[in-house]
Amino acid sequence: MPGFEIFDAKEKQGLLEVIDKGFTFRYNFDGVRNHVWKAKEFESLITKKFNLKHAHLVSSGTAALTTALAAAGIGAGDEVIVPAFTFVASWEVLLFAGAIPVVADIDESLTIDPKHLEEKITSRTKAVNLVHMCGATGNLNEIKRICDKHNLILIEDACQSTGATYNGQYLGTIGQVGTLSFDSVKTISCGEGGAVLTNDPKIYQLAHQLSDHGHDHIGSDRGAESHPIIGYNYRISEMNAAVGVAQFNKIDKILAIQRKNKKILKDFLAQFSEVSFRQISDPEGDNASFLSIFLPTGERTLEVHRKLQEESATGVFYWYINNWHYLKNWEHILNLKFPANLPISLNSNLPDYNKADYSISDSIMKRSLSFLINLSWDEKEIEKRLAIFSKVFYK
Ligand SMILES: *Cc1c(COP(=O)(O)O)cnc(C)c1O
């Protein structure tokens with residue numbers, strides 16, 4: 001998955017262009033920047049490739065989610081359905097917005113299970129945050145149908161799935177608003193960066209304003225611009241955007257390597273009767289940054305994970321016990337440990353997340369392992385992994 005693995009002269013060249021001829025600020029200053037506009041260039045690469053009306057770059061995927069929520073009109077008191085298996089940012093942004101996260105179960109697609117989704121909808125539900133974990137998605141059609149039926153905003157968090165598609169459409173472009181992350185371990189990496197994706201001109205305009213102190217960006221004389229709304233600073237720098245341009249130009253190459261490497265691992269693992277695979281509704285669209293498998297029981301998964309570690313296998317994730325991606329392991333979120341008395345800490349409508357029922361998600365998470373697919377592997381590296389698999393898995 002990590003695009004940094006193939007940093008080369010192109011990323012360097014982009015950075016040097018900003019330092020030598022350009023300017024580090026993404027807006028205005030036409031006189032000093034010598035026509036170097038890296039953020040704009042990156043945005044137009046995304047919209048062209050994704051067949052999308054608007055992409056707006058910000059400083060991180062978390063900033064993209066924060067911006068997307070506000071631009072889509074999601075705020076205090078609004079319930080947003082969000083999976084228990086996700087990245088912690090999904091929860092942080094809702095809590096800081098004063099919204100109420102409502103836990104959704106996941107299924108063997110490792111994304112929200114549409115079967116139980118409708119049970120979570122109340123009169124206060126405003127949106128569903130569908131997080132496309134580990135490079136792919138599940139039953140997006142069904143989730144979109146439920147959102148449309150109940151008039152809910154579908155947010156697609158595609159931070160882990162840049163370049164993945166579903167029935168030919170890029171993930172992040174199907175709901176009302178989507179997000180990408182370009183942090184240092186993502187498919188496309190520019191150090192720190194993110195993007196808000198939308199076809200809705202109103203959401204785009206608000207995202208633009210929100211992420212730069214409310215500036216309307218009309219006219220080139222900064223300072224003469226007006227402030228239609230109160231905003232914040234979530235701007236990306238031209239240096240990050242320059243690296244992003246070089247990386248995004250390699251997206252087809254990155255996906256091709258990931259898909260090739262993943263296929264070798266998956267085909268090999270298919271011979272072991274105890275292994276089954278994550279359900280991906282459109283396998284062709286998988287960005288292939290991870291290979292995720294299931295084992296028959298939680299005990300066996302724990303054992304396999306331990307054995308893989310003993311064999312020094314790298315890039316193996318047992319999310320169920322790892323502290324990054326499962327709500328149940330986030331003591332600070334479960335217990336709402338805010339740094340100060342934020343508006344949300346006064347919200348008595350927040351449920352006790354310690355008491356939520358995690359049994360369905362648990363039953364999935366307990367049996368699942370994910371393998372990171374690297375770009376840098378040569379044949380020897382792959383052979384080494386297959387040899388370890390042969391030692392650890394049962395036929
Ligand atoms: C990485 C990630 C984010 C946040 O992105 P940052 O750029 O690190 O802020 C949000 N959601 C998911 C699913 C992620 O994996």
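Biologist: What should be known about the model before reading it?

Modeller: The model is predicted; local features need pLDDT of at least 70, side-chain atom pairs count only at pLDDT 80 or more, and totals for chains, interfaces and linings use all residues. Residues are numbered from 1 along each chain as its sequence is written, and side-chain values use heavy atoms, with hydrogens and water left out.

Biologist: How many residues surround the ligand, and which are the closest?

Modeller: A residue is near a molecule if one of its heavy atoms lies within 4 Å of it. Here, 14 residues surround the ligand, and the closest are Gly 61, Thr 62, Ser 181, Asp 183 and Lys 186. For classes, Ala, Val, Leu, Ile, Met, Phe, Trp, Tyr, Cys and Pro count as nonpolar, Asp, Glu, Lys and Arg as charged, and the others, Gly among them, as polar. The shell has five nonpolar, six polar and three charged residues.

Biologist: Which helix gives the most to that shell?

Modeller: Helices are DSSP runs of H or I with at least four residues, strands are runs of E with at least two, and both are numbered from the N terminus. Helix H4 (residues 61–71) gives the most, with three residues.

Biologist: Where do polar side-chain atoms lie 2.6 Å from an oxygen atom of the ligand?

Modeller: A polar contact is a pair of N or O atoms within 3.5 Å; within protein, one must be able to donate a hydrogen and the other to accept it, and residues adjacent in sequence count only if both atoms are side-chain atoms. The 2.6 Å case belongs to Asp 183, through a polar side-chain atom and a ligand oxygen. Lys 186 places a polar side-chain atom 3.2 Å from an oxygen atom of the ligand, and Asp 157 has one 2.8 Å from a ligand nitrogen. The protein covers 94% of the 380 Å² of accessible area that the ligand has on its own; such areas come from the Shrake-Rupley method with a 1.4 Å probe, and for residues only the protein chains shown count as cover.

Biologist: How is a helix such as H11 read, and which of its residues are buried?

Modeller: An α-helix has 3.6 residues a turn, so residues three or four places apart point the same way. The expected span is 1.5 Å times one less than the number of residues. For the 13 residues of H11 (residues 298–310) this gives 18 Å, and the end C-alpha atoms are 18 Å apart, which agrees. Buried means under 20% relative accessible area, exposed over 50%, and partly exposed in between (1.4 Å probe, protein chains only). In H11 the buried residues are Gly 298, Arg 300, Thr 301, Val 304, His 305 and Leu 308. They cover an arc of only 155 degrees around the axis, which puts them on the same side of H11; the arc is that of the directions from the helix axis to the C-beta atoms. Glu 299 and Glu 310 are exposed on the face turned away from the buried side.

Biologist: Which residues of H1 are buried, and which are exposed on the other side?

Modeller: H1 (residues 9–20) has 12 residues and reaches 16 Å from its first C-alpha to its last, close to the 16 Å expected. Its buried residues are Glu 11, Gly 14 and Val 18. Their arc of only 65 degrees around the axis puts them on the same side of H1. Ala 9, Lys 12, Gln 13, Ile 19 and Asp 20 are exposed on the other side.

Biologist: What joins the side chains of Gln 247 and Glu 11?

Modeller: A polar contact of 2.9 Å joins these side chains. Gln 247 lies in helix H9 (residues 238–248) and, at 0% relative accessibility, counts as buried.
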